[in-house]
Amino acid sequence: MNQSSVPTPSKLLKGILLSFLVIVTLACNSDKKEKSYSDPADIKVGMEMNAKLTAPPHVPTPTARRSAKRLIVDMEILEEVGTMTDGVEYVYWTFDGTVPGSFIRTKIGDEIEFHLKNHPDNKLPHNIDLHAVNGPGGGAVSSFVAPGHETVFSFKVLNPGLYVYHCATAPVGMHIANGMYGLILVEPEEGLEPVDREYYVMQGDFYTKGDFGEPGLQAFDMKKAIEEDADYVVFNGKVGAMTGDNALTAKVGETVRLFVGNGGPNLVSSFHVIGEIFDKVHMEGGSLINENVQTTLIPAGGAAIVEFKIDAPGEYILVDHSIFRAFNKGALAQINATGDENKNVYAGKIQEGIYLPEGGDIQEMPISEEEQAENAKPVANLTFDEKMERGKNLYGRSCLACHQSAGQGIASAFPPLAKSDYLNADVDRAIEIALYGKTGEITVNGEKYNSVMPSQGLSDEEAASVLTYIYNSWDNNKTEVTQEMVKAQRR
Ligand code: HEC
Ligand SMILES: [Cu+2]
């Protein structure tokens with residue numbers, strides 16, 4: 001054996017020390033964002049500060065440039081009637097009057113002094129369970145508060161991430177189903193990376209005595225809630241909270257960050273933005289970042305932070321990709337992006353042809369015998385206002401997906417109903433189309449369309465309402481369509 005190859009004890013020690021040094025330096029170099037604390041519980045807090053809370057879809061300003069503080073959070077619980085969708089009202093139970101409740105933005109090490117007030121007009125006691133709390137019930141145990149009272153409790157935020165808060169008063173499911181949830185963000189010491197826009201979006205499922213769209217003040221339905229048979233699945237508490245005039249906005253070239261939560265109470269969200277790929281997802285709202293994601297799963301009582309850059313102008317649609325929820329239960333929101341086109345990224349339509357595998361015949365929407373019987377039932381004539389209300393609702397359910405939110409249509413595919421010369425020229429023809437669909441070439445406002453509109457299976461009353469709504473919107477000629485006019489066009 002060659003003696004020199006056996007290290008002496010002193011050589012061995014040197015070797016160990018050296019490699020240890022290398023490891024330590026490497027570790028230090030790779031961890032540039034070195035933490036200034038070893039245990040977040042030891043972070044000293046500075047002066048007291050009142051938290052600025054925001055209503056959805058807005059979020060408070062970043063905390064990167066401030067130190068940890070004693071942060072006073074003030075929240076008021078309100079039970080009040082709100083709008084679920086046009087013509088449908090619901091008694092929401094809320095944190096600060098909105099669903100979801102106010103967004104709370106904190107920084108790791110902050111000591112939160114939480115003031116929870118239960119308005120004297122409220123009927124029930126409530127409390128709050130914040131998933132950002134390390135402590136019994138996430139604060140629920142200390143925050144139980146009767147109407148006309150205020151409770152104060154405090155906690156220190158130790159784990160960076162995006163967390164759900166919710167009411168946890170029995171029956172817990174009912175308090176959550178009525179809208180008692182929101183998000184609290186705990187930023188890391190260095191803050192989140194700066195972006196151009198941040199928004200607050202939270203999904204929730206609702207259970208009403210009447211089915212989707214049934215007008216009036218709708219009561220909570222416990223049986224449907226237990227069976228997880230949701231009538232509404234919505235973003236930010238109602239159908240259309242972020243569509244049309246309320247759509248979120250962004251500009252081409254900007255980076256957008258969405259703080260997305262899911263209050264449940266029951267359903268898991270397959271969160272997707274049509275036309276975008278998430279450059280980054282902070283999975284489950286925690287520290288793990290995934291890249292290049294199409295759809296991210298957001299559990300009930302969970303959250304995610306998604307980030308993307310807007311590369312092309314247009315409408316981007318936020319959906320729960322359990323897709324009937326999006327088009328039939330309300331889980332749909334919109335980002336309108338303005339700016340210059342970038343043909344490199346999206347060239348638009350470069351060729352157009354017609355493909356009609358079924359020979360171009362009008363396709364019938366499948367319609368059950370029950371529905372047929374329902375449609376044949378005579379209904380009392382509605383007033384103009386009633387028709388407008390019902391029509392708007394029906395438009396959102398049956399026509400919007402193709403003809404778009406303001407009747408503007410989609411170029412080369414779906415003709416506009418807004419200021420449509422074709423529509424305004426002949427009401428009987430429009431009734432026939434609403435009843436039986438349409439195929440073959442037509443010209444609307446100088447543009448040719450040659451496509452298929454499937455039959456919509458409308459009752460006389462529905463056709464009269466939706467057409468009255470369309471004729472009395474978007475600069476059309478204000479025709480009022482009656483059930484008699486519809487009957488006359490039935491084949
Ligand atoms: C699946 C998509 C789709 C849906 C849903 C739909 N339409 Fe259409 N609609 C079309 C297409 C496509 C045409 C053009 C047909 C053609 O080229 O012959 C059209 C044409 C029309 C026209 C005549 C053209 C114009 O612009 O004035 C009217 C009126 C109309 N639709 C009303 C309605 C109403 C009312 C509803 C809801 C009850 C509805 N549509 C739902 C696709 C749709
Ligand atoms: Cu409650």
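Helices (H or I, at least four residues) and strands (E, at least two) are taken here as DSSP runs, numbered from the N terminus. By that convention Ile305 lies in strand S19, which spans residues 302-309, and the protein as a whole has twelve helices and 23 strands. This is a predicted model, in which local features need pLDDT of at least 70 and side-chain atom pairs count only at pLDDT 80 or more, while totals for chains, interfaces and linings use all residues. Residues are numbered from 1 along each chain as its sequence is written, and chains are lettered from A and ligands numbered from 1 in the order in which they are written.

**Burial and contacts**

A residue is called buried if 20 or more other C-beta atoms, placed from the backbone, lie within 10 Å of its own, exposed if 12 or fewer do, and partly exposed in between. Of the 491 residues of the protein, 38% count as buried. Two residues are in contact if their C-beta atoms, placed from the backbone, lie within 7 Å; among the contacts with a separation of 6 or more, 71% are made by residues 24 or more positions apart.

Ile305 is a buried residue, because 23 other C-beta atoms lie within 10 Å. Leaving aside residues up to four places away in sequence, Ile305 touches Leu162, Arg257, Phe259, His282 and Gly285. Ile305 and Gly261, 44 residues apart in sequence, are 8.6 Å apart in space, C-alpha to C-alpha.

**Helix H11 and its two partners**

Axes are lines fitted to C-alpha atoms, for helices over the stretch in contact, and the angles between N-to-C directions run from 0 to 180 degrees. Angles under 35 degrees count as roughly parallel, over 145 as roughly antiparallel, 65 to 115 as roughly perpendicular and the rest as oblique. Helix H10 (residues 427-436) packs on helix H11 (residues 460-471) at an angle of about 125 degrees, with the axes 10 Å apart, and the two helices are therefore oblique to each other. In this contact Ala430, Ile431, Ala434 and Leu435 of H10 meet Ala463, Val466 and Leu467 of H11. By class, the contact holds seven nonpolar, no polar and no charged residues, where Ala, Val, Leu, Ile, Met, Phe, Trp, Tyr, Cys and Pro count as nonpolar, Asp, Glu, Lys and Arg as charged, and the others, Gly among them, as polar.

Helix H7 (residues 384-398) also meets H11, with axes that come within 7 Å and cross at roughly 95 degrees, which makes H7 roughly perpendicular to H11. The residues of this contact divide into seven nonpolar, four polar and four charged. Those of H7 include Lys387, Arg390, Leu394 and Tyr395, and those of H11 include Glu462, Val466, Tyr469 and Ile470.

Within H10, the residues Ala430, Ile431, Ile433, Ala434 and Leu435 are buried. The buried residues of H10 pack against H9, S22, S23, H11 and helix H12 (483-489). H10 is followed by Gly437, whose phi is positive, near 80 degrees.

**The shell around ligand 1**

A residue is near a molecule if its C-beta atom, placed from the backbone, lies within 6 Å of it. There are 29 residues around ligand 1, of which Cys399, Cys402, Pro415, Leu423 and Met453 come nearest. Helix H8 (400-403), helix H9 (421-425), H10, strand S22 (438-444), strand S23 (447-453) and H11 each supply at least two residues of the shell. By class, the shell residues divide into 20 nonpolar, eight polar and one charged.

**Backbone exceptions**

Most residues other than glycine have a negative phi, and most peptide bonds are trans.

| Site | Feature | Value |
|---|---|---|
| Pro56 to Pro57 | cis peptide bond | omega near 5 degrees |
| Gly264 to Pro265 | cis peptide bond | omega about 15 degrees |
| Gln404 | positive phi, not a glycine | phi about 75 degrees |
| Asp475 | positive phi, not a glycine | phi about 65 degrees |

Pro57 is found in the loop between strand S1 (48-50) and strand S2 (70-85), and Pro265 in the loop between strand S14 (255-264) and strand S15 (269-274). Gln404 has its place in the loop between H8 and H9 and is partly exposed, with 17 other C-beta atoms within 10 Å. Asp475, in the loop between H11 and H12, counts as exposed, with 10 C-beta neighbours inside 10 Å.
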